[in-house]
Amino acid sequence: MAADVLAAVMLPGATAVVLIIAAAVINARDVRRRDPVRRFTRQQRRAGMARAGGVCEMETGFGRRCSRAAEHGDHFYPWSKGGSTSLQYFVAACSRCNRAKGARIPSPGQQMRLERRRRTYVPLDAAVAVGERQPLP
């Protein structure tokens with residue numbers, strides 16, 4: 001009887017320890033993947049905002065472009081998850097869209113829709129791609 005109670009108390013604690021160790025291992029792999037530079041330069045911010053026309057590039061419902069003024073320069077693929085700090089990854093975002101996106105990894109569909117939307121307002125000779133996750137070194 002006492003052994004059953006002890007096992008019932010120990011199991012959740014052991015599960016928590018295993019989950020913490022797994023999270024630490026995954027995070028350590030992502031740290032190796034990170035670009036050493038976190039912040040966009042002034043030139044990158046200016047170029048990215050000019051490319052977006054000062055309007056948020058994120059999508060609202062049904063894949064439409066958000067119409068609010070862009071206030072933030074965001075990594076389309078989160079820096080914490082391996083996104084590079086380059087103009088290719090720069091996305092102009094309003095504060096609401098930037099907070100809503102957080103550090104979530106965008107789906108391939110979101111990436112495709114952003115690239116399709118960019119073709120409508122970016123000059124024909126400019127790149128519309130938003131990049132990929134950085135490979136492990």
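User: In what order do the elements run from the N terminus on?

Analyst: This is a predicted model, and its secondary structure comes to four helices and two strands. Read from the N terminus on, these elements follow the order α-α-β-β-α-α.

User: What percentage of the contacts with a separation of 6 or more joins residues 24 or more positions apart?

Analyst: The protein has 137 residues, and 32% of them count as buried. Its accessible surface comes to about 8800 Å², with carbon and sulfur atoms holding 63% of that area. Among contacts with a separation of 6 or more, the share from residues 24 or more positions apart is 64%.

User: Which residues make up the largest nonpolar core?

Analyst: A nonpolar core joins buried residues through side-chain atoms within 4.5 Å. A second, separate core has six residues, including Phe40, Ala52, Phe90 and Ala92. The largest nonpolar core has ten members: Cys56, Met58, Cys66, Phe76, Val91, Ala93, Cys94, Cys97, Leu114 and Val130.

User: Which residues lie nearest the centre of the largest pocket?

Analyst: About 230 Å³ of space lies in the largest pocket. The elements that give two or more residues to its lining are helix H3 (95-101) and helix H4 (108-121). By class, the lining has seven nonpolar, one polar and five charged residues. Of the 13 lining residues, those nearest the centre are Met58, Glu59, Phe76, Lys101 and Gln110.

User: Is Gly48 buried or exposed?

Analyst: Gly48 has its place in helix H2, which covers residues 42-52. Leaving aside neighbours within four places in sequence, Gly48 is in contact with Leu87 and Phe90. The cut-off for burial is under 20% relative accessible area. Because its relative accessible area is 0%, Gly48 is classed as buried.

User: How far apart in space are Gly48 and Asp74, C-alpha to C-alpha?

Analyst: Gly48 lies in helix H2, while Asp74 lies in strand S1 (residues 72-75). The two are 26 residues apart in sequence, and their C-alpha to C-alpha distance is 9.8 Å.

User: Which residues does Asp74 touch, not counting residues up to four places away in sequence?

Analyst: Asp74 is buried, with a relative accessible area of 11%. Not counting residues up to four places away in sequence, Asp74 touches Phe40, Tyr89, Phe90, Val91, Ala93, Asn98 and Lys101.

User: How is Lys81 classed by relative accessibility?

Analyst: Lys81 is found in the loop between S1 and strand S2 (90-93). Its C-alpha atom is separated by 7.5 Å from that of Ile105, 24 residues apart along the chain. Because its relative accessibility is 26%, Lys81 counts as partly exposed.

User: What distance separates the C-alpha atoms of Gly131 and Gln88?

Analyst: Gly131 has its place in the segment after H4, and Gly131 is buried at 9% relative accessible area. Leaving aside neighbours within four places in sequence, Gly131 is in contact with Gln88, Tyr89 and Gln111. Gly131 and Gln88 are 43 residues apart along the chain, and their C-alpha atoms are separated by 6.1 Å.

Methods: Residues are numbered from 1 along each chain as its sequence is written. This is a predicted model: local features need pLDDT of at least 70, side-chain atom pairs count only at pLDDT 80 or more; totals for chains, interfaces and linings use all residues. Side-chain values use heavy atoms; hydrogens and water are left out. On a 1 Å grid over the protein atoms alone, a cavity is a set of points where a 1.4 Å probe fits but cannot get out, and a pocket is an open set with protein on both sides within 12 Å along at least five of seven lines; lining residues have an atom within 4 Å of a point. Grid points are joined across faces, edges and corners, and a volume is the space filled by probe spheres set on the points. Ala, Val, Leu, Ile, Met, Phe, Trp, Tyr, Cys and Pro count as nonpolar, Asp, Glu, Lys and Arg as charged, and the others, Gly among them, as polar. Buried means under 20% relative accessible area, exposed over 50%, partly exposed in between (1.4 Å probe, protein chains only). Contact means heavy atoms within 4.5 Å. Accessible areas come from the Shrake-Rupley method with a 1.4 Å probe; for residues, only the protein chains shown count as cover.
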